[in-house]
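Hi there,

Here is the model I promised to pass on to you. Have a look at it first, and then read on for what I found in it.

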Amino acid sequence: MRPLFEPAALGPLRLANRVVLSPMTRMQAHEDGTPTEAMARYYARYARHGVALVTTEAAYIDDAASRAYFNQPGMTGPRHAAGWKRIVEAVHAAGRPIVLQLQHGGRLSEPGLHACALGASGEPPAGSSWQGGKPYAGAPLRAATQPERDSIVRAFAAAARRARECGFDGVEVHGARGYLLDEFLSQPGLALAERLAMPCAVLRAVREAFPAGLLSFNLSLYKMDDVNYQAAGGKAEVAAVARAVAASGVDALHVTTRRVLREEPYGEPLARTVREAVPDAGLIVNGGIRTLEDAEAALAQTGAQCVALARALLANPDWMERARSGAPMEKYAPGMERQPLE
């Protein structure tokens, strides 16, 4: 059997193979953030076609200022939970586990979505927004106060609790690509312990709210507004972050890069640094994986348990079957993630 198709363990989950559906922003929930029936069919199709684990697009965690995009799904109350429960049931009916990614958009929230966005520092991001192409400069933004930070921690925990009650098999905390928790991790001029405080507080609260499920943490270097970002402390800082995250109760780190095996300026791929730092934690690697050969090289060279695919699965929902048979793959076309789910 090819390594990619062998069973794997990830925290408490026993997986049929090593392929994970990566979170992909689709922006097609109802205006109030309630997941739709089309979303249930969309996620279930990946399960039917054989991915080992379905990870949802990011859900916002409170109604204050956590939503990142218009028509993003939420997990803030009973109506959202009811919509997600239908999705969980559809994926479980197809025989696969599903985890909910939780997010606070922070300063990268779409301009115009909130009266005032909340960030870690109050410094605006560079460039324009991903959803609407609107400049961030001039959009209302301020740093979250300590009481607001405490409220955000509680909101992550409450969303995780709702996920558990809906039947999700776990949650993933979005700590990547410049959104709120990653901004905390990346603030210049602050000691690493201070930067780690907020993300680790969130992880501990989520672990307490969902003690038996899979808990993963999405980690990256690049940001939505800075694709070339590097940690000021280089490899040592990356390793320290990975160790602190692992010590906060996570079962797995989901490492996202542009290319899994691309070396960072400090001399090795990000995923390899994380694996060396936390050899006993689960590891999911993500970035530029298109073919069976890409996936197996990523597993072999990083020591990861699983690979996560995004665009390749978006273009080929039956990617597993094509990979097994050697059938040609459809190419991803820019904008596919914005197309209707049906």
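Met-27 is buried, because its relative accessibility is 11%, under the 20% limit for that class. You will find Met-27 in the loop between β3 (19–21) and α1. Most residues other than glycine have a negative phi. Please keep in mind throughout that this is a predicted model.

Asn-71 also has a positive phi, near 65 degrees, and is likewise a residue other than glycine. Asn-71 sits in the loop between β4 and α2. Is Asn-71 buried or partly exposed? With a relative accessible area of 26%, Asn-71 is partly exposed.

The loop between β4 (53–60) and α2 (78–93) also holds Ser-66. Ser-66 counts as buried because its relative accessibility is 0%. A polar atom of the Ser-66 side chain lies 2.8 Å from the backbone oxygen of Asp-62.

Now to the charged pairs. How many salt bridges does the structure hold? There are 14 of them. As a general point, side chains of opposite charge can pair when their charged atoms come close.

Glu-37 and Arg-86 form a salt bridge in which the closest N and O atoms are 3.0 Å apart. This pair links distant parts of the chain, with Glu-37 in helix α1 (residues 37–48) and Arg-86 in helix α2, 49 residues apart. Glu-37 is partly exposed, with a relative accessible area of 43%, and Arg-86 is partly exposed at 34%.

Asp-251 and Arg-207 meet through their side chains in a salt bridge, with 3.0 Å from N to O. Here, too, distant parts of the chain are linked: Asp-251 is in the loop between α6 (234–247) and β10, while Arg-207 is in helix α5 (residues 192–209), 44 residues apart. Which of the two is buried, and which is partly exposed? Asp-251 is partly exposed, with a relative accessible area of 22%, whereas Arg-207 counts as buried at 16% relative accessibility. The two fall into separate classes because the limit for buried is under 20% relative accessible area.

Lys-235 and Glu-276 make a salt bridge with their side chains, at 3.3 Å from N to O. Lys-235 belongs to helix α6 and Glu-276 to helix α7, 41 residues apart, so this pair also links distant parts of the chain. Lys-235 is partly exposed, with a relative accessible area of 35%, and Glu-276 counts as partly exposed at 45% relative accessibility.

There is a network as well: salt bridges link Arg-107, Glu-183 and Asp-225.

What sort of charge gathers in the surface patch that includes Arg-258? The charge there is positive, and the patch is made of Arg-258, Arg-259, Arg-290 and Arg-311. Arg-259 lies in the loop between β10 (252–256) and α7 (270–277). With a relative accessible area of 41%, Arg-259 is partly exposed.

Gly-95 is in the loop between α2 and β5 (98–103) and is partly exposed, with a relative accessible area of 47%. From Gly-95 to Arg-164 it is 69 residues in sequence and 18 Å in space, C-alpha to C-alpha. His-49 is in the loop between α1 and β4 and counts as partly exposed at 27% relative accessibility. The C-alpha atoms of His-49 and His-174 are separated by 26 Å, and the two residues are 125 residues apart along the chain.

Best wishes

Methods
Residues are numbered from 1 along each chain as its sequence is written. This is a predicted model: local features need pLDDT of at least 70, side-chain atom pairs count only at pLDDT 80 or more; totals for chains, interfaces and linings use all residues. Side-chain values use heavy atoms; hydrogens and water are left out. Patches are made of residues with over 30% relative accessible area and no salt bridge: like charges are joined within 9 Å, nonpolar side chains (Val, Leu, Ile, Met, Phe, Trp, Tyr) within 5 Å. Accessible areas come from the Shrake-Rupley method with a 1.4 Å probe; for residues, only the protein chains shown count as cover. A salt bridge is a side-chain nitrogen of Lys or Arg within 4 Å of a carboxyl oxygen of Asp or Glu. Lys and Arg count as positive and Asp and Glu as negative; His and the chain ends are not counted. The place of a charge is taken as NZ of Lys, CZ of Arg, CG of Asp or CD of Glu. Helices (H or I, at least four residues) and strands (E, at least two) are DSSP runs, numbered from the N terminus. Buried means under 20% relative accessible area, exposed over 50%, partly exposed in between (1.4 Å probe, protein chains only). A polar contact is a pair of N or O atoms within 3.5 Å; within protein, one must be able to donate a hydrogen and the other to accept it, and residues adjacent in sequence count only if both atoms are side-chain atoms.
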